[in-house]
Amino acid sequence: MDTMRDRFIATATRLLDEDPRLAVVLAEISRDGFDEAARRHPDRLINVGIREQLLIGVGGGLALAGVRPIVHTFAAFLVERPFEQVKLDFGHQGVGGVLVSAGGSYDWPAGGFTHMAPGDVALMDTLDGWAVHVPGHPDEAEALLRHAAAGDGRDYVRLSLQSNSRARPLIPAEGRTGTGTGTGFRAGFATVREGRGAVVIAVGPMLDNVLAATEGLDTTVLYATTVRPFDGEALRRAVAALTGDAADVVLVEPYLAGTSTAAANDALPTTPHRVLGLGVARRELRAYGELADHLAGHGLDPRSLRERITTFLAR
Amino acid sequence: MPSTSGTSGTSSVPAEPARLMALMTGAEKHGPAATSTLDALWVLYDRVLRVSPAEADAPGRDRFLLSKGHGPMAYYAVLAAKGFFAEELLPGFGSYGSPLGHHPDRTLVPGVEIGSGSLGHGLPLAVGSVLGLRARGLAGPRVWVLIGDAELDEGSNHEAIAYAGPAGLEQLHTLVIDNSSATHGWPGGIASRFEAAGWSAETVDGRDHEAMYAAFTAPHPGRPRAVVARVEPKSPS
């Protein structure tokens, strides 16, 4: 199977052919994959070199000139390094764009912490009007990228080597009009399993592990591929179907633990509830190895998840 | 459009924007930063830029990006003098209900192309604007960005300078207002930094309107252009 990043390159290359409104901006990362696109669209495939502040500034400038930019590099260099550019060159200017990251929280564990960005979504959460897409499969990555490219809002698409075994159909979020004035499509939280004891929200590539961890438990599992805007309506519906006096909600996210805890609380202002936010710990593991080692190291493998979830629910 | 009694072609401060500047109070700390740009802005808006209130959103207009967003009084005065907004807005400068802040916001002020204030954003945005115009097949519009010599300290500018030269962005123009405010200075001169990156560059007297006009309009085929306008050093703050 191709990776989400492979699919991004293939899809963005086709989008450049299909939509003259689009441009792709790179800072060397994934450059080779876009060789053919660069030949076909020399004015709309822009590689600024190893310059991440310029990468984002150029994206904002393209948008000011009426072009929709698709801006790509590793998450650590796309969001964290030029964060003030993301804040000012898009949001403060009042323009849109599509940021597409790769690398995620630990896609290249042997590369160490310099290439890990577990805090990217939490950082984006400090900004207004960004949709955050966390696909769990290359097919979902393609669909979300196409929706984002067709709109004109501010979209962050977080790609990872972590993937579920199969893709799920994206369902439109109810009552969503989107953050921009574009297509208005936003993927809602899909119900993958129904139960009465608790609600577990699995974000993107965490779904397979969450399904394995909650096998045989009386829990509803919601699947989120677009996590901002947060589909509070879907959570409220799932919570309403639970038994018991107070709702138990567990979030399992492939980035910094607790990133969406506030959003889940905000969705349930009048419902007694508890929220357990699981994800990547702030503490650096200072270990290399493989992706699976880091999932286990942060307690996100099925066995650890089951233990943490059942312990929470038993209290 | 209001009449403009500017003094293009001389070296005296243009009268109309100077009168309008006096209507803004409350940011005296930024006064020197504002007067340092007044003559250069006037020459640009009066004689060089192809933009007017009627075509403030036209795809083919020239773009002027004020990157050095602090001390925008001269900028607001020039925009008001050219009719982008009414001079009655000027006395409200910096107040809660006014669109005119101590740093400009493009979403609030007609004719303002970027919101600025944090240094080092304008030149990268200008590079992107040129690339966007190119991508749309618009070779006519020129993009100007104004930065300060101390703003040049920001590394983001150097990413943009180093890219724009080899990329041959002929539509791009950088105006550096040099009032010697960079703490560590620029040994070898500011223009040499641009030239080393493949730009066409020239240093002129930032109070001499004719010299600036000539430098602003000099041909520079296949290369971006930088004009360093030297003005009197910033007085100690």
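In chain B, ring pairs join B:Tyr45, B:Phe64, B:Tyr75, B:Tyr76, B:Phe84, B:Phe85 and B:Phe93 into a cluster. Rings of Phe, Tyr and Trp (its six-membered ring) are taken to pair if their centres lie within 6.5 Å, with planes under 30 degrees apart counted as stacked, over 60 as edge-to-face and the rest as tilted. The model is predicted, so local features need pLDDT of at least 70 and side-chain atom pairs count only at pLDDT 80 or more, while totals for chains, interfaces and linings use all residues; side-chain values use heavy atoms, leaving out hydrogens and water. Residues are numbered from 1 along each chain as its sequence is written, and chains are lettered from A and ligands numbered from 1 in the order in which they are written.

Over all chains, a search of the whole structure finds 12 aromatic pairs. A pair of aromatic rings is described by the distance of the centres and the angle of the planes. For A:Phe90 and A:Trp130, the ring centres are 5.8 Å apart and the planes stand at 75 degrees, so this pair is edge-to-face. A:Phe90 belongs to helix H5 (residues 83–92) of chain A and A:Trp130 to strand E5 (residues 130–133) of chain A, so the pair ties together parts that are 40 residues apart in sequence. Helices (H or I, at least four residues) and strands (E, at least two) are DSSP runs, numbered from the N terminus. Both A:Phe90 and A:Trp130 are buried, where buried means under 20% relative accessible area, exposed over 50% and partly exposed in between (1.4 Å probe, protein chains only). Also buried in H5(A) are residues including A:Phe83, A:Val86 and A:Leu88. Just after H5(A), A:Gly94 takes a positive phi of about 75 degrees.

Returning to chain B, B:Tyr45 and B:Phe84 make an edge-to-face pair, with 6.3 Å from centre to centre and 85 degrees between the planes. B:Tyr45 comes from helix H2 (residues 31–48) of chain B and B:Phe84 from the loop between helix H3 (73–81) and helix H4 (122–135) of chain B, 39 residues apart. B:Tyr45 and B:Phe84 are both buried.

Charged side chains meet rings too. A:Arg274 lies over the face of A:Phe312, at 4.2 Å from the ring centre, and the charged end of B:Lys82 sits over the ring of B:Trp42, 4.9 Å from its centre. Here a charge sits over a ring if NZ of Lys or CZ of Arg is within 6 Å of the ring centre and within 35 degrees of the ring normal.

Chain A is assigned domain 1 (4–158) and domain 2 (189–314), with bounds from an automatic or database domain assignment. Their centres, taken over C-alpha atoms, are separated by 27 Å. Contact (heavy atoms within 4.5 Å) involves 25 residues of domain 1 of chain A and 25 residues of domain 2 of chain A. About 1900 Å² is buried between the two domains, 64% of it from carbon and sulfur atoms; buried area is the accessible area (1.4 Å probe) that two parts lose on being put together, summed over both.

Finally, A:Leu217 occupies the loop between helix H8 (207–213) and strand E9 (219–224) of chain A. A:Leu217 is partly exposed, with a relative accessible area of 21%. Not counting residues up to four places away in sequence, A:Leu217 touches A:Arg306, A:Ile309 and A:Thr310.
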